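Please keep the sequence and the 3D view at hand while reading.

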Amino acid sequence: MRSLEFNLIGEANVIGTQFCCECNLCSLYSCPEDLDPKDVCSQNKRRLAADRRRWENPPFNPKRPELHMANRKAPMPRLLTKLGLRQFRNVGPLNDTLLAADRVGVKLKQHVGAPCEPLVAVGQRVTKGQPIARPPMQSGKPALGAPVHASIDGAITAIEGSVVWIENGV
């Protein structure tokens, strides 16, 4: 962001912006000035690509991601401020107890791509983690999508529209 002050508008200026993953964490969360660094990086990446400029001889270090993990953590107080949650009392810690469910509805579309087709039938028993639906075949190949799995042990009690219902103890 500081480099913008010293360059002409519209000029590709910082070659390191090629490493921006455009997660938007900097713009929506980290920037104390409420600026938009992600937008600046993405525009600069396009300018660099148009100029056919790229990072030359990037240093290779297989442990590079681990070296930077500590620096990628955003402080919780800043998140609470950005989300407007400071006014509420934080009594934590959160209770991570898993709530037992006797009946669940599993949607056939939980991802980008085509809705899944059921692999199960009403009355069939399933186990937790078992695939219950998969993306359809298109022109002999699986369509874009991801398989859907049972979240509990039980029996398929209904397949209604885009939901597979599983009940435990049936």
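Predicted model: local features only at pLDDT ≥ 70, side-chain atom pairs only at ≥ 80, totals over all residues.

Which residue in S9 is the bridge partner of Ala155? The partner is Glu167, which lies in S9.

**The four-stranded sheet**

- Four strands make up an open sheet, and they follow one another in the order S1-S9-S8-S3 with antiparallel pairing.
- Strand S1, covering 103-107, and strand S3, covering 125-126, stand at the edges with a single partner strand each, so one side of each has no neighbour in the sheet.
- S8, which spans residues 154-160, pairs with S3 in the antiparallel sense over two bridges.
- Along this pairing, Val126 is found opposite Gly154 in S8, while Arg125 has Ala155 in S8 as its bridge partner.
- Ala155 therefore takes part in bridges to two residues, since Arg125 is paired with it and Glu167 in S9 is its partner as well; in a regular strand the side chains alternate between the two faces of the sheet.
- S8 is also joined to strand S9, residues 163-167, by five bridges, and these two strands run antiparallel.
- S8 and S9 form a hairpin that leaves two residues between them, and Gly161 in the turn has a positive phi of about 60 degrees.

**The three-stranded sheet**

- Another open sheet has three strands in the order S2-S4-S7, and here too the pairing is antiparallel.
- Its edge strands are S2, at 117-118, and S7, at 148-149, each of which pairs on one side only.
- Strand S4, residues 131-134, is joined to S7 by two bridges, with the two strands running antiparallel.
- Within this pairing, Pro131 stands opposite His149 in S7.

- Leu83, Leu85 and Phe88 together make a nonpolar surface patch of about 300 Å².
- One of these residues, Leu83, is located in the loop between helix H4, which covers 76-82, and S1.
- Leu83 has a relative accessible area of 53%, and it counts as exposed because the cut-off for that term is over 50%.

Conventions. Residues numbered from 1 in each chain as written. Heavy atoms only, no water. Pairing = 2+ DSSP bridges. Patch = residues over 30% accessible without salt bridge, like charges linked within 9 Å, V, L, I, M, F, W, Y side chains within 5 Å. Areas by Shrake-Rupley, 256 points an atom, 1.4 Å probe, with all protein chains shown as cover. Salt bridge = Lys/Arg side-chain N within 4 Å of Asp/Glu carboxyl O. Buried < 20%, exposed > 50% of the residue type's maximum accessible area, 1.4 Å probe, protein only.
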